Amino acid sequence: MSKRKLLQAHLPAGECVSQLQEVLRQRLCHQQLPGRPEGVEAQHKHLLELLKRTSVHGESNSVLIVGPRGAGKTMLLKCVLRDLQEEEEEEAGKNLLQVHLNGLLQTDDRIALKEITRQLHLENVVGDKVFGSFAENLSFLLEALKKGDRSSSRPVLFVLDEFDLFAAHKNQTLLYNLLDVSQSAQAPVAVVGVTCRLDVLELLEKRVKSRFSHRQIHLLSDPTFAEYLGRVRTRLGLPDHFPDGRFAADWNASVETLCEDKSVEEVLRRHFNSSKDFRSLHVLLMLCLSRVSVAKPSIRPADLLEASRLCFADAKANMLHGLSILELCLIIAMKHLNDVYEGEPFNLQMVHNEFKKFLQRKSNSMYNFDPPVILKAFEHLQQLEMIRPVDSSSAKTQREYQLMRLMLDHSQIMEALQKYPQCPTEVKQWAMSAFG
């Protein structure tokens with residue numbers, strides 16, 4: 001459809017909004033690969049060249065992709081594999097077999113070997129054969145992949161996610177054998193490790209390290225705020241081929257206006273200073289997108305502020321809203337003990353005495369609770385991990401005298417009190433007084 005026809009096509013407002021949400025959800029939730037990776041062009045070219053040498057020329061290689069979580073390591077690898085398959089030499093893309101292993105799933109070499117066999121579709125070939133060693137089993141699998149003329153094997157790409165966890169396996173047998181194959185001329189193999197640990201090479205045994213090529217691709221991108229803002233625009237922008245051209249133009253104009261708003265810039269700067277990765281940005285934008293409807297067909301600054309508040313919401317402070325008045329009073333008593341004794345640990349007896357002082361000042365008896373009820377409330381706070389024992393040896397001590405520490409700070413307690421539904425005035429005043 002031509003551009004003019006796209007602009008002239010008008011869909012109902014509801015249809016436009018549902019199409020918009022489908023496009024953006026695909027982009028934000030399903031990690032849709034970008035046309036080209038942003039800010040990592042050099043690393044993309046380097047990795048593509050390495051894997052092309054394996055798939056086209058049968059050359060073995062090993063490489064590590066290192067970078068913090070959310071930096072785009074997996075995205076880079078997926079983009080390279082996609083580009084490799086789209087190469088003019090289609091043979092190259094189809095010829096490369098892929099085996100994906102994850103250190104969190106394949107916790108030992110036996111499980112990893114089963115997974116390699118499954119992903120290479122060689123279960124029938126292996127059958128009930130018994131192998132003497134891991135190396136023998138692996139070499140048999142690679143031998144089974146040789147083509148009819150026996151001179152050339154199909155190249156295999158091994159992707160080891162959470163590479164550092166494979167280093168914890170007994171004797172590092174899997175790593176040793178994979179890297180040994182990639183060094184020798186047995187079969188064309190590429191080993192790509194993905195890790196977030198910079199010191200990963202220090203975890204390798206000497207014999208493993210000597211077989212590794214020591215190629216490392218670092219993704220330590222540090223975008224500027226202007227680039228971060230540009231990323232927000234591209235993530236929220238609608239493509240030219242959107243069914244309703246006028247709606248797309250209006251939406252893109254509203255995104256531009258949104259990004260130029262001062263309050264929005266402040267919110268995004270706070271997120272930028274907190275975390276520069278894609279994932280946290282996607283969560284923020286997804287929360288904004290969920291507020292778009294037929295009645296509100298654009299994202300407003302207020303939506304972004306509310307989404308930001310949800311992202312930065314304090315889980316512990318939110319849990320305080322669900323406590324009973326007695327549990328809240330015990331928390332306030334602990335806060336006063338913390339203030340008086342400068343953070344020293346306390347026990348239930350001390351908290352109870354502090355609570356009794358408050359009761360003595362109040363004539364009404366609505367807060368008079370029996371000791372077993374107070375003990376139960378104290379134990380509930382421990383289950384919620386708002387307080388914790390100072391050391392494990394205190395388990396032998398009588399429960400009333402076990403030393404505890406408060407896991408909340410002053411600001412969390414005061415914030416929760418302001419939002420606590422129908423909090424009695426005297427309890428608020430007690431919390432705000434300098435010393436109980």
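Which strand does asparagine 61 lie in? Asparagine 61 belongs to strand β1, which covers residues 61–66.

## What you are looking at

This is a predicted model: local features need pLDDT of at least 70, side-chain atom pairs count only at pLDDT 80 or more, and totals for chains, interfaces and linings use all residues. Residues are numbered from 1 along each chain as its sequence is written, and side-chain values use heavy atoms, with hydrogens and water left out.

The secondary structure of the chain comes to 22 helices and 7 strands. Helices (H or I, at least four residues) and strands (E, at least two) are DSSP runs, numbered from the N terminus. Of the chain's 436 residues, 44% count as buried; buried means under 20% relative accessible area, exposed means over 50%, and partly exposed is in between (1.4 Å probe, protein chains only). Contacts here are heavy atoms within 4.5 Å. Among contacts between residues at least 6 apart in sequence, 74% join residues at least 24 apart.

## Around asparagine 61

Back to the residue we opened with. Asparagine 61 counts as buried because its relative accessibility is 7%. Leaving out residues up to four places away in sequence, asparagine 61 touches Leu50, Arg53, Thr54, Ser182, Val189, Ala190, Val191 and Arg215. Asparagine 61 and leucine 179 are 118 residues apart in sequence, and their C-alpha atoms are 8.7 Å apart in space.

## A histidine and an aspartate

Histidine 44 is found in helix α3 (residues 41–57), and aspartate 83 in helix α4 (residues 73–85). Their side chains are joined by a polar contact of 2.7 Å. A polar contact is a pair of N or O atoms within 3.5 Å; within protein, one must be able to donate a hydrogen and the other to accept it, and residues adjacent in sequence count only if both atoms are side-chain atoms.

Both partners are buried: histidine 44 has a relative accessible area of 11%, and aspartate 83 has one of 17%. Not counting residues up to four places away in sequence, histidine 44 touches Pro37, Leu76, Cys79, Val80 and Asp83, while aspartate 83 touches His44 and Leu48.

## Cysteines

One of the residues touching histidine 44 is Cys79, and cysteine 79 is buried at 0% relative accessible area. Cysteine 196 counts as partly exposed, at 28% relative accessibility. Taking a disulfide as a pair of cysteine sulfur atoms within 2.5 Å, the count comes to 0.

## Strand β3 and its partners

Strand β3 (residues 156–161) is mostly covered, with 5 of its 6 residues buried. Two strands pair if DSSP finds at least two bridges between them. Strand β2 (residues 97–102) pairs with β3 in the parallel sense over 6 bridges, and β3 pairs with strand β4 (residues 189–195), also in the parallel sense, over 6 bridges.

Valine 159 gives a handy place to look at this arrangement. In β3, valine 159 is the bridge partner of histidine 100; in β4, the bridge partner of valine 159 is valine 192.

In soluble globular proteins, nonpolar side chains tend to be buried together. A nonpolar core is taken here as a set of buried Ala, Val, Leu, Ile, Met, Phe, Trp, Tyr and Cys residues joined through side-chain atoms within 4.5 Å. The largest such core has 36 residues, of which Ile331 and Met334 touch the most other members. At least two residues each come from α18 (325–340), α19 (348–361), α20 (371–383), β7 (404–406), α21 (410–419) and α22 (425–432). The largest share, 9 residues, is supplied by α18. Apart from this core lies another, of 34 residues, among them Ala167, Leu175, Val189 and Leu204.

Helix α18 is largely enclosed by the rest of the structure, because 12 of its 16 residues are buried. Those buried residues include Glu327, Lys335 and His336. From first C-alpha to last, α18 reaches 23 Å, close to the expected 22 Å; the expected span of a helix is 1.5 Å times one less than its number of residues. Isoleucine 331 is in contact with Leu320, Leu323, Leu381, Met386, Leu406, Leu408 and Ile413, leaving aside its neighbours within four places in sequence. After α18 comes glutamate 342, whose phi is positive, near 55 degrees.
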